[in-house]
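Thanks for coming. I will go through one model this morning, starting with the sheet and the helices beside it.

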Amino acid sequence: MSILVVDDEPLVTRLVTRLLRTFYFDEIETAHDGATALEMLRECRYELVISDFRMEPVTGLELLASIRANSRLRETCFLMMAGGTETEQVSAAYSAGTDAFILKPFTASMLRSKLREIFESRRLLFS
């Protein structure tokens with residue numbers, strides 16, 4: 001499975017990448033913002049996008065909306081991350097079509113649980 005991790009904080013992209021590798025994912029690429037992620041999505045197909053909510057110039061919410069509006073990309077699994085507990089963020093992300101939402105900071109088991117939630121809802125295998 002190919003995965004794109006999008007966050008404007010390099011530490012977060014490194015951490016998420018490291019955690020994904022412990023779950024035996026090896027096709028992982030990163031982007032530092034939503035605009036770069038959109039360019040990468042035009043060039044390559046990713047089965048899962050894990051994105052931060054707040055980024056500039058393209059937010060995670062705008063990235064998600066672009067993915068869902070694109071007939072080639074709309075079936076891409078999407079996990080939104082956010083550093084905060086604002087219910088508006090969670091509501092906006094689910095309204096835009098995210099498969100799951102996770103609050104930072106999170107543990108490996110929390111990430112694993114969210115991935116399992118996504119894959120089970122999509123009837124994909126994940127151990």
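Predicted model: local features only at pLDDT ≥ 70, side-chain atom pairs only at ≥ 80, totals over all residues.

Strand 1 pairs with strand 2 and with strand 3. With strand 2 the pairing is parallel and has five bridges; Leu-4 has Glu-29 as its bridge partner there. Strand 1, residues 2–6, is also joined to strand 3, residues 48–52, by four bridges, again with the two strands running parallel. On that side Val-5 has Ile-50 as its bridge partner.

How many residues of strand 1 are buried? Five of the five, so strand 1 is largely enclosed by the rest of the structure. As a reminder, in a regular strand the side chains alternate between the two faces of the sheet. For strand 1, Ser-2, Leu-4 and Val-6 are on one side, Ile-3 and Val-5 are on the other, and all are buried, which leaves both faces covered.

Next, the helices. Helix 3, residues 60–69, packs with helix 4 at an angle of about 15 degrees, and their axes are 9 Å apart. That angle makes the two helices roughly parallel. The crossing of helix 3 with helix 4 is left-handed. From helix 3 the contact uses Leu-61, Leu-64 and Arg-68; from helix 4 it uses Ala-92, Ala-93 and Ala-96. By class, that contact has five nonpolar residues, no polar ones and one charged.

Helix 3 also meets helix 2, residues 34–43. The axes of these two come within 9 Å and cross at roughly 20 degrees. Helix 2 and helix 3 are therefore roughly parallel to each other as well. What is the hand of the crossing of helix 2 and helix 3? It is right-handed. Gly-34, Ala-37, Leu-38 and Leu-41 of helix 2 meet Leu-63, Ser-66 and Ile-67 of helix 3. This contact has five nonpolar, two polar and no charged residues.

Finally, two residues in helix 3. Gly-60 is in this helix, and at 0% relative accessibility Gly-60 counts as buried. Leaving out residues up to four places away in sequence, Gly-60 touches Ser-51, Asp-52, Phe-53, Met-55, Phe-78 and Met-80. Its C-alpha atom is 9.3 Å from that of Ala-82, 22 residues apart along the chain.

Leu-61 is also in helix 3. Is Leu-61 buried or partly exposed? Its relative accessibility is 23%; since buried means under 20%, Leu-61 counts as partly exposed. With residues up to four places away in sequence left out, Leu-61 touches Phe-53, Met-80, Ala-92, Ala-93 and Ala-96.

Methods. Residues numbered from 1 in each chain as written. Heavy atoms only, no water. Pairing = 2+ DSSP bridges. Axes fitted to C-alpha atoms, helices over the stretch in contact; angles between N-to-C directions. Parallel < 35°, antiparallel > 145°, perpendicular 65-115°, else oblique. Left-handed = near helix turned anticlockwise from the far one by under 90°. Contact = heavy atoms within 4.5 Å. Nonpolar A, V, L, I, M, F, W, Y, C, P; charged D, E, K, R; others polar. Buried < 20%, exposed > 50% of the residue type's maximum accessible area, 1.4 Å probe, protein only.
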